[in-house]
Amino acid sequence: MKSYQFSEYGQPLQPTDQETPTPQGDEVLVRIRACGVCHSDIHMWDGHFDLGSGRELDISRGRSLPFTLGHEIAGEVLAVGPTSAGVSIGARRVVFPWIGCGDCPVCDSDNEHLCPRPQALGTSVDGGFSDHVMVPHARYLFDYGDVPTELACTYACSGLTAYSALDKVRELAAGRTLVIIGAGGVGFAALRVAQALLDTELIVVDIDDTKLEAAKEGGAAHVFNANDEHAAKEIKKLTGGGSGAVIDFVGSETSANFGLKTLGNSGALVVVGLFGGALTVPLPVVVLKHITIRGSFLGSLEQMSELMQLVRSGKVPPIPLEPRPLAQVQQTLEDLRGGRVLGRVVLVP
Ligand SMILES: [Zn+2]
Ligand SMILES: [Zn+2]
């Protein structure tokens with residue numbers, strides 16, 4: 001099998017050739033047909049997150065080098081292990097990559113994606129910037145119906161992350177408004193999934209007018225450029241005192257503060273983006289406005305199942321996609337870091 005791997009953090013990915021593995025036990029070998037490139041691939045490749053004030057969170061442990069990134073994987077089942085059940089050869093499946101140890105209280109409560117001993121594909125074990133991937137069990141594979149493979153793969157991370165965040169504000173946003181900050185890959189996915197999941201007015205905020213234009217065409221009732229100094233005030237006016245919920249897909253000091261300013265009483269700010277930075281909030285505001293500030297990271301196997309059901313029903317409109325050959329992975333990571341990507345680049349081996 002051919003993969004693109006890095007041997008040192010921050011150094012360019014190189015093509016490698018290895019013997020294609022044979023599935024053992026419950027394992028399923030998937031021939032990859034598409035793999036989305038996610039912003040977190042850049043963090044994994046860097047080996048750290050920015051925590052603000054010059055501090056960094058080291059995320060280089062628990063991964064042996066050389067390593068294959070890529071966690072938005074879809075393709076066909078090529079071979080199954082002797083005890084595998086639930087999927088047949090040739091089936092087209094999207095892979096839930098957020099696999100846990102399977103033997104801890106977190107995993108037992110259907111939160112494998114939060115397991116302290118993760119075995120996740122493309123972040124802990126070799127992933128999808130390759131032509132093959134080994135999946136430990138068929139239960140991590142989801143039928144994507146008639147959806148194009150290049151689109152289906154994006155539901156494993158950007159789609160699931162969006163769904164999980166939206167799931168947390170379903171009740172708060174109902175009958176009020178939802179503000180989505182950041183119209184990049186995950187933000188745009190949220191705009192699309194929200195139209196299938198919620199009955200609420202959607203407001204999208206970004207600092208890039210091209211992305212705002214796309215969001216407007218993509219179903220946002222209103223769009224605002226955060227660099228406009230009156231934007232937060234106008235959103236408050238528009239929502240009659242503030243929105244029911246804000247989902248921040250940027251996760252910077254500026255974006256989270258902007259979100260707080262547009263939040264109405266008893267609303268929730270859900271931070272999803274991992275741009276980095278720190279947040280200072282006056283505590284009386286938290287109390288008197290009765291607000292919730294919480295994080296949302298990826299999504300559970302159960303949420304993936306719910307999302308894929310919604311997707312197969314045809315209710316989720318697609319996100320903008322740009323398929324590229326797998327060999328352009330390095331250029332793609334650089335384009336993504338430079339903010340030069342609209343929607344999702346999907347690598348095709
Ligand atoms: Zn991702
Ligand atoms: Zn676990």
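Patches are made of residues with over 30% relative accessible area and no salt bridge, like charges being joined within 9 Å and nonpolar side chains (Val, Leu, Ile, Met, Phe, Trp, Tyr) within 5 Å. In this predicted model, local features need pLDDT of at least 70 and side-chain atom pairs count only at pLDDT 80 or more, whereas totals for chains, interfaces and linings use all residues. Residues are numbered from 1 along each chain as its sequence is written, chains are lettered from A and ligands numbered from 1 in the order in which they are written, and side-chain values use heavy atoms, with hydrogens and water left out.

A nonpolar surface patch is formed by Leu114, Leu274 and Phe297, with about 270 Å² of accessible area together (Shrake-Rupley method, 1.4 Å probe; for residues, only the protein chains shown count as cover). Leucine 114 lies in the loop between α2 (105–108) and β8 (132–135) and, at 44% relative accessibility, counts as partly exposed (buried, under 20%; exposed, over 50%; partly exposed, in between).

The zinc ion (ligand 1) is coordinated by Cys38 (SG), His71 (NE2) and Cys157 (SG), at 2.0 to 2.2 Å. Cysteine 38 lies in the loop between β3 (28–36) and α1 (39–46) and histidine 71 in that between β5 (55–58) and β6 (72–80), so the pair ties together parts that are 33 residues apart in sequence. Both cysteine 38 and histidine 71 are buried.

In helix α11 (residues 329–337), the buried residues are Val329, Gln330, Thr332, Leu333, Asp335 and Leu336. These buried residues pack against β1 (2–5), α1, β16 (321–325) and β17 (344–348). Just after α11, glycine 339 adopts a positive phi of about 70 degrees.

Definitions and conventions:
Donors = N, O, S within 2.8 Å, 3.2 Å for Na, K, Ca; no water. Helix = DSSP H or I, 4+ residues; strand = E, 2+ residues; numbered from the N terminus. Buried < 20%, exposed > 50% of the residue type's maximum accessible area, 1.4 Å probe, protein only. Contact = heavy atoms within 4.5 Å. Salt bridge = Lys/Arg side-chain N within 4 Å of Asp/Glu carboxyl O.
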